[in-house]
Amino acid sequence: MSQQATPAPPAPRSRVRRVLPLLITAWLVLEIWLLTVVASALGWFAVLMLLVGGAFLGGWLIKRAGLRALSAALEQSRAPQSQQPQTGTSLTVLGGVLLILPGFLSDVLGLSLLFPPTRALWRAAGRRVTRSALRSASPAGAAPFADAVRLQEQIRIHRPDGKVIQGEVVDPGTGPRPDTDHRPPISG
């Protein structure tokens with residue numbers, strides 16, 4: 001009689017992974033409801049023009065942020081020791097993506113990422129989330145976001161200049177051994 005191994009129970013899902021689908025569904029329903037409310041007040045053509053305008057503005061912001069990041073990277077490559085100011089590219093790109101998405105809630109959220117007072121609040125919230133992810137006592141592999149943040153910090157600590165030195169590891173236990181008995185005299 002053969003015994004079959006019982007499969008291990010699946011790992012419990014985190015709270016975020018359980019709630020995220022519900023939050024996305026609620027967000028979509030709220031966006032559609034808000035679109036219909038605004039369309040009944042302004043008309044469908046005005047809503048369509050607002051959505052198209054938001055998409056163009058979002059695309060322009062993403063392009064501008066990309067060009068700013070490229071110029072900052074080129075400047076950094078010319079003078080690697082100089083401290084470059086933060087360009088805020090990631091928040092600008094995220095704001096642009098939210099403006100491209102159809103809906104007024106995403107537009108308001110995207111615009112809040114662009115204005116300096118609210119941008120500072122979002123940046124502070126992002127730092128808090130990052131710090132809490134770093135402090136989490138979850139083992140490696142259990143929280144992908146925490147693992148990514150830890151890896152980024154390790155890379156920053158070990159190679160702040162980003163230089164890679166090519167090399168080869170040689171195991172002294174293999175291969176021919178050098179003759180260490182005879183040493184030539186030092187001349188000079």
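Author: What follows is a set of questions on terms, each answered from values computed on a predicted model.

Reader: How many helices and strands are there in the protein chain?

Author: The protein chain has six helices and zero strands. In sequence order the pattern reads α-α-α-α-α-α.

Reader: Which residues make the contact between α1 and α4?

Author: From α1 they are W27, L30, E31, L34, L35 and V38. From α4 they are F104, L105, S106 and L109. By type, the residues of this contact comprise eight nonpolar, one polar and one charged.

Reader: And I32, where is it placed, and is it buried or exposed?

Author: I32 belongs to helix α1. Its relative accessibility is 54%, and the label exposed needs a value over 50%, so I32 counts as exposed.

Reader: What makes T89 buried?

Author: T89 has a relative accessible area of 18%. Buried means under 20%, and T89 is therefore buried. The residue is found in helix α3 (residues 89-100). Setting aside neighbours within four places in sequence, T89 is in contact with A65 and A69.

Reader: Why does P102 count as exposed?

Author: P102 has 58% relative accessibility. Exposed means over 50%, so P102 takes that label. P102 sits in the loop between α3 and α4. Apart from neighbours within four places in sequence, P102 is in contact with E31 and L51. The C-alpha atoms of P102 and V52 are separated by 8.4 Å, although the two residues are 50 residues apart along the chain.

Reader: How do you know that W44 is exposed?

Author: The relative accessible area of W44 is 57%. That value is over the 50% cut-off, so W44 is exposed. W44 lies in helix α2, and touches L35, T36 and A39 when residues up to four places away in sequence are not counted.

Reader: Which residues form the largest nonpolar core?

Author: L35, A39, V47, L51 and F104 form the largest nonpolar core, which has five residues. The elements giving two or more residues to this core are α1 and α2 (44-78).

Reader: What does L51 touch, not counting residues up to four places away in sequence?

Author: L51 touches L35, P102, G103 and D107. L35 is also a member of the core.

Reader: What share of the protein chain is buried?

Author: Buried residues make up 15% of the 188 residues in the protein chain. The accessible surface comes to about 15,400 Å², and 67% of that surface belongs to carbon and sulfur atoms.

Reader: What share of the contacts with a separation of 6 or more is between residues 24 or more positions apart?

Author: Residues 24 or more positions apart account for 48% of those contacts in the protein chain.

Methods
Residues numbered from 1 in each chain as written. Predicted model: local features only at pLDDT ≥ 70, side-chain atom pairs only at ≥ 80, totals over all residues. Heavy atoms only, no water. Contact = heavy atoms within 4.5 Å. Helix = DSSP H or I, 4+ residues; strand = E, 2+ residues; numbered from the N terminus. Nonpolar A, V, L, I, M, F, W, Y, C, P; charged D, E, K, R; others polar. Buried < 20%, exposed > 50% of the residue type's maximum accessible area, 1.4 Å probe, protein only. Areas by Shrake-Rupley, 256 points an atom, 1.4 Å probe, with all protein chains shown as cover. Core = buried A, V, L, I, M, F, W, Y, C linked by side-chain atoms within 4.5 Å.
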